[in-house]
Every structure is written in structure tokens, then in C-alpha cells.
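Student: I've got a model open and would like to talk it through. Can you take my questions one at a time?

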Amino acid sequence: MSHEITGRYATVQNTRVYYDVCGEGIPLVCIHMGWACSLQWHHFMPLMAEAGFKVIAPDLPGHAKSLPVNWTPFKKMHDYAEWVWNFIETVCPGEKPVVCGSGIGGDMTLDLACNHPKGISAGMAFESAAKTGSISFLSNYTEPHTFPGFSSLVDNASTSAMYYPCDETKVLESKWQHRCTYQATCVADMDAWNDHDVTDKLSNIECPVFLYKGEADYHIPDQDVIDTIAAIPNGLAEGGIAQGMGHLIMMEQPEKLAEACTSFLKRRKVI
Amino acid sequence: MKFPSLDFARSLEIQLNESKHFAEASAWSDVKVLLSFGEQQYWMKLYRGKVIDLMEYHPMSNPLGWDYVIGGSIDNWNDLLKGLRPIGHMLDTGSIKVDGNLLQANRMYESTHVILNIMRSMKVYEKRGD
């Protein structure tokens, strides 16, 4: 298997955005977690490229190499999701991609499925549910002087919900993947995570949806994922709890995740 | 207005409290800062984005003490206030020294830059026949 990942830029909402691309085929847009960036998908992308996808992973606005829209991080999940929609329109014009995301990226995936039900062919939301919220104490810590040890918080919060024992190099790589984003954006990501609630819009969904979470991820209760699957109408949703995985599902077990995703997409006749 | 003087320090206090940037950079401050202009020193209490108290400071006479000092020689202050040298360069080289509780001072790093920028914008410095 040899699928090179290449970097590109586009302009979305009048702002420069960076994204990685890997492979050729059906567009698969991968949305990273809060505080992270496109690097998070680097082990997963070649696997999905091998399965026949053109895998596209942007840095969300204000993360890593993408500038924030109007120089202000998003704090509302729907604003983020609409940005992803505009990104899709720009990078995959006229196409109907599969969208996957994890954490806040999973929230955006569900938001897109609810608000652009004809725009995507399938959604795969990891570590996400119809309503999310966990780290709620951060809103006052936007300015660096308020939290001098913030980088340590990011290191630990990003990796503490992995499934252990875990390969130490994966833990270290995961920490580095979360070291490219400014503190104010990290805080805003958590505001958006706490803001997300599409419970009343799940009935809009028209495409297959795969919800999947690692058993060790304490940021989201198992029951919330199970309840979301049950609440999506017409049997469109499936998924559950991934054994032996945690919060960083695409880093910890990329092969198992890719296998689960392709199986789902084949069952649902997306590929 | 003369530099250094209590009038200068009070004028600085007013301008800091009118600054949105200062309010943001010190939003969660609770520190006592000593401004040391050569032999003359002024004590400021920063709390929640504002200067809430200011007075002349005389060593051993202020029971509240201070957390960190921003200080230098009059010549160096004049260089800063006249805009002759970049503020960052003066801080990095110790021409204007920040000392004391550096955990607090470094936490308030941006606030110190705002204070020095506003001081410079006041265009007041010691007149020495120049």
C-alpha cells in the first residue's frame, strides 16, 4: 500500500484553509477533534484511500495551518458545521461526499446530516452524539495569562481517555498532534462541544449514519451514543462501542476503524 | 507633566483603565506591581483587568509589598518613552527589568507589554535639555 498524503490550500468563507488529500475516488471528508488538526488522520487516510476513497482532511479554522474566520474562533457547533459545508462545496463541488469526524468533528458530521440531509452520502461520527458536553470550566481561560499550564492540560486531556495500555509512541504522537492550536481556539472548541444539540433535528437525516465510540472514552457516555442511534429514524443509524479503543479512535486502532467504516459503507451500499 | 512623577503614574493609571487591550491582558490579574523609574517608585494594584489602586512607593513603608517590579534607569526609561528602542528588545536585554515573583510576572507578560506600550504612547519623558 502506498498512498501519499499531500497538502493543499483553499479559500473558504474568505479565509485561507489548509487540507491534506490522499487517494482517488469517492470523497471522504475527515473532520478532526477539538484542539487537534489534520495530522490526526494520517494513519487512517492511506487505509481509506486503499479502500477507494479520495480522503480529504482539513485543519478547522483557527487550528494549525488554517486561519480563523474573521480572526475569531467559532464557539457554536452549527457555525463550525456550516464552515465544513462550505469547505465541501469548495473542495468537492457537485459531489456528495462521505463525511466522518471525531469529537467535535463527529458533532459537525451529525449537524451536517441533520441540516444538509441531501448533501452527503453517509456520515460517520466517532466519539459524538446528538448532544454533547463535558469540559465546561474552560470558558474564562481564553487569554494565555489565565492558565499558564494550558499546554500541559492539552497534553493530558487529549491522551488521558485513550485505551490503556497503549503504545507509548502513539501517546506521544497524539500529544504532538494537539500542540499546533492556539489556546483561545481550544477554549472555543469546548464551548462548541458544549453547545452542540441536534436532538430535535435527527428526524431530518436521510443518509446512513455510523456512530462509534471507544470504550475508554469518558468524554461521552456510551448510553448517549446508543440513544442517538435509536433516535435516528428509519433504521438509518448503526454502530456502538468499540472495544479496546478510546478517545483517539483513529490513532489508536486505525486498521480496525477503517475496517469498521468500510464494512458499514458496504452494508449500506455507499461503496 | 513631568517624568517621572506621581502625575505621570496617575495619568498612566487612567489610560490603562481605558484600554480594552489592557483589560483583556489582565482580565484575571490579582497582583501588586512596582514601577521603578530610577530612584522613584510607584505601586499599582492590578485586579480583574483594572488598576484599582496606585500610590508612591517607599521601601519598607508599604505593608502590602509587591509581586513583581518593572524597572530601569532613567536613561533607559527615556529611551523607551522616546521610542528609541523596541520594547521587546529592552525587556529581552534587561534594560527594562522585570523581577520578583516571575511566575506571576510571566503569567502577566502581555499585560506588561501593554503597560509599556501605553507609557510610550503618552510621549512624556524626562527633559534633559534635549
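Student: Is A:S139 buried, exposed or partly exposed?

Tutor: This is a predicted model, where local features need pLDDT of at least 70, side-chain atom pairs count only at pLDDT 80 or more, and totals for chains, interfaces and linings use all residues. Residues are numbered from 1 along each chain as its sequence is written, with chains lettered from A and ligands numbered from 1 in the order in which they are written. The cut-offs use C-beta atoms placed from the backbone: 20 or more others within 10 Å means buried, 12 or fewer means exposed, and in between is partly exposed. A:S139 has 13 others within 10 Å, so the class is partly exposed.

Student: Which residues does A:S139 touch, leaving out those up to four places away in sequence?

Tutor: A:S139 sits in the loop between strand 6 and helix 4 (150-159) of chain A; helices (H or I, at least four residues) and strands (E, at least two) are DSSP runs, numbered from the N terminus. Contact means C-beta atoms, placed from the backbone, within 7 Å. On that basis the partners of A:S139 are A:V187 and A:D191.

Student: Which residue of strand 6 of chain A does A:G101 stand opposite?

Tutor: Strand 5 (residues 98-102) of chain A runs parallel to strand 6 of chain A, and they pair over 5 bridges; pairing takes at least two bridges found by DSSP. Opposite A:G101 stands A:A125.

Student: What radius of gyration does chain A have?

Tutor: The value is taken over C-alpha atoms, and the globule rule is 2.2 Å times the number of residues to the power 0.38. For 271 residues that rule puts a compact globule near 18 Å, and chain A agrees, so the figure you want is 17 Å.

Student: What share of the 271 residues of chain A is buried?

Tutor: Chain A has 9 helices and 8 strands, and its C-alpha atoms fill a box of roughly 50 × 40 × 40 Å along the principal axes. Of its 271 residues, the buried share is 49%.

Student: How many residues of chain B are in contact with chain A?

Tutor: Chain A brings 5 residues to that meeting. By class, they are 2 nonpolar, 2 polar and 1 charged (Ala, Val, Leu, Ile, Met, Phe, Trp, Tyr, Cys and Pro count as nonpolar, Asp, Glu, Lys and Arg as charged, and the others, Gly among them, as polar). On the chain B side, the number is 8.

Student: Within what arc do the buried residues of helix 6 of chain B fall?

Tutor: Those buried residues are B:S111, B:T112, B:V114, B:I115 and B:M119. The arc is that of the directions from the helix axis to the C-beta atoms. The buried residues of helix 6 of chain B line one face of the helix, because their arc is 160 degrees.

Note on methods. Two residues are in contact if their C-beta atoms, placed from the backbone, lie within 7 Å.
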